[in-house]
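Hi,

Here is the structure I promised to pass on. Please open it next to this email, and my notes follow below.

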Amino acid sequence: MTVALQLGIVVGYLCLALGVGAIAYRATDRTAEDFYLASRTFGTVVLLFTVFATLLSAFTFFGGPDTAFARGPEWILVMGLMDGILFALLWYVVGYKQWLLGQRHGYVTLGEMLGDRFGSKGVRGLVAAISLFWLFPYVMLQQIGAGGALASLTDGAMTFWMGATLITAFMIAYVVLAGMRGIAWTDTLQGAFMLVMVWAALLWVLASVDGGLATINAGLETNAPGYLALGSEWYTPRRMLTFAISIAFGVAMFPQVNQRFFAAASERVLKRSFALWPLLVLLLFVPAFLLGAWAAGLGLEADVAAGESILPVVLDAYAPGWFAALVIAGAIAAMMSSSDSMLLSGSSYFTRDIYRPFVETALSQRREDALGRLGVAVFAILALAASIWVEEVGAFGAGRIGSLLVEIGDLAFGGFAQLAPAVILALYWRGTTRTGMVAGLVVPQLAYLAFNFLPATDVGGVTVFAGAYFGWGISLYCMLLGALVTVGASVVSGHAPGENDSRYFDELAAD
């Protein structure tokens, strides 16, 4: 199959996504609320699939199968069962109260809600600054993945920078054009496409292997016998729980996911969506991760080059080129459906929580709408430039700044998870104060960064700045620290003038 035809399939899909965005543009109002939240009109299907497609990014097609290939299919338990269920619970615990307050006060961002809760634009800006710190390198990782996928698909005919630029240009076009409404509609298309393609890939490989599942299982018994038994040295219960809890709480604080809690059209839509979430997660993760695990039984280890993902190798061995191109298009769709939402959320956090309160308080709706669209383009271009620089200078291993950006992106789930304890306390505990909130946001972030970036040091026989203690990851300890600091600082400081705790809790009680 020619490179031109493979590339044509991908570009055709990109044009389809752009066409959906153009249709959505006709239904879009020129207001900031419509641009960022589609005027809070999402029904069950659109809300469910836009969260689904936004969250399940390149990890589904590359990171997840690679982990299952290296460690075994128990990764399904971490991401499919434990994380799917935990995030569904948080969708209710955090999302429902956010939705109630958003309906009453028109909040668009988490920082806006918390800033009003504590009568502090400093809290508002702090939430936005922390979120943007973790979000920027995470957008970069999506662009790096997309550029690499297109370069691999075309055997280098399209260079990394060309592929990353192509994807970014299409994203800017339809996000600036139609905002959240266009993203949600394309997310629904992309989510359905991902589901169809990953199941088709699983069935195609199964049908192409002589002897089917029996051959695969026999290969696993020979090549990786530990895969067929639950429990291993790597999959310890504490490590699995650390991953699941950190990812679930981090996801609930991701700007591109958290903002969607405000966008549901009704309480019933919100509740139906989180009830269906675990099922949808399993439908995607099971086939994707099984393909990774099966590769070990098919003897494909020698075919995997350094730094290469296992899924393209499996497809290259057992599927025709045109089908592999469709699956890669699905992977690119997954990256786009995450990156476009990150760009929109990054723009909204900067525009509403930093520019508006600190620079131009009298910002009109139409001017904010225009500024938000410009912010999407600027955010995307800056992330693209950083991605190309990281790739071109080999910053993954040689350049410390580039390496740091990649490390920050990899640690983003845990970084966002550090926001969760203080936010949940602010929603549920009337005694949370402004001082407690600031301390609960800053202290765990600093501790998390220190334990991940400072070298491990032995002090009196105790290792300081280690990544785990007693089998539990440092992310959970930092989350616990955040909760304790929030409570302790709140008890000591007392409420400051201007905090709206009574009004908020009276409103929530009434609902």
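How many aromatic pairs does a search of the whole structure find? The search finds 21, where rings of Phe, Tyr and Trp (its six-membered ring) pair if their centres lie within 6.5 Å, with planes under 30 degrees apart counted as stacked, over 60 as edge-to-face and the rest as tilted. One of them is edge-to-face and joins tyrosine 138 to phenylalanine 254, at 5.3 Å centre to centre and 65° between the planes. This pair links distant parts of the chain, 116 residues apart: tyrosine 138 belongs to helix 7 (residues 121-153), and phenylalanine 254 lies in the loop between helix 10 (237-253) and helix 11 (255-258). Both tyrosine 138 and phenylalanine 254 are buried (under 20% relative accessible area; exposed is over 50% and partly exposed in between, with a 1.4 Å probe and protein chains only). Tyrosine 469 and tyrosine 477 have ring centres 6.2 Å apart and planes at 85°, so this pair is edge-to-face. Tyrosine 477 is partly exposed, at 29% relative accessibility.

Before going further, a word on the source. This is a predicted model, in which local features need pLDDT of at least 70 and side-chain atom pairs count only at pLDDT 80 or more, while totals for chains, interfaces and linings use all residues. Residues are numbered from 1 along each chain as its sequence is written, and side-chain values use heavy atoms, with hydrogens and water left out.

On confidence, pLDDT is the predictor's confidence in each residue, from 0 to 100. The protein chain has a mean of 82, and 88% of its residues reach 70 or more. Helix 20 (residues 474-493) has the highest confidence, at 95, and helix 16 (residues 400-410) the lowest, at a mean of 55. Over residues 395-402 pLDDT stays under 50, and the model has 15 contacts for them beyond four places in sequence (contact means heavy atoms within 4.5 Å). Where pLDDT is low, the predicted coordinates should not be read in detail.

Now the overall picture. The protein chain has 21 helices and four strands, taken as DSSP runs numbered from the N terminus (helices are H or I with at least four residues, strands E with at least two). Of its 511 residues, 56% count as buried. The largest nonpolar core has 158 residues, such a core being a set of buried Ala, Val, Leu, Ile, Met, Phe, Trp, Tyr and Cys residues joined through side-chain atoms within 4.5 Å. Helix 8 (residues 160-208) gives the largest share of this core, 19 residues. Among the residues with the most contacts inside the core are Phe87, Trp91, Met253 and Trp277. Phe87, Trp91 and Trp277 also belong to a cluster linked by ring pairs, together with Phe49, Phe52 and Phe261. Beyond four places in sequence, the contacts of methionine 253 include Val94, Leu110 and Phe416.

Lysine 97 has its charged end over the ring of tyrosine 428, 3.8 Å from the centre, and lysine 271 has its charged end over the ring of tyrosine 96, 5.0 Å from the centre (NZ of Lys or CZ of Arg within 6 Å of the ring centre and within 35 degrees of the ring normal).

Finally, the cysteines. The structure holds zero disulfides (pairs of cysteine sulfur atoms within 2.5 Å). Cysteine 15 is partly exposed, at 42%, whereas cysteine 478 is buried, at 2%.

Best wishes
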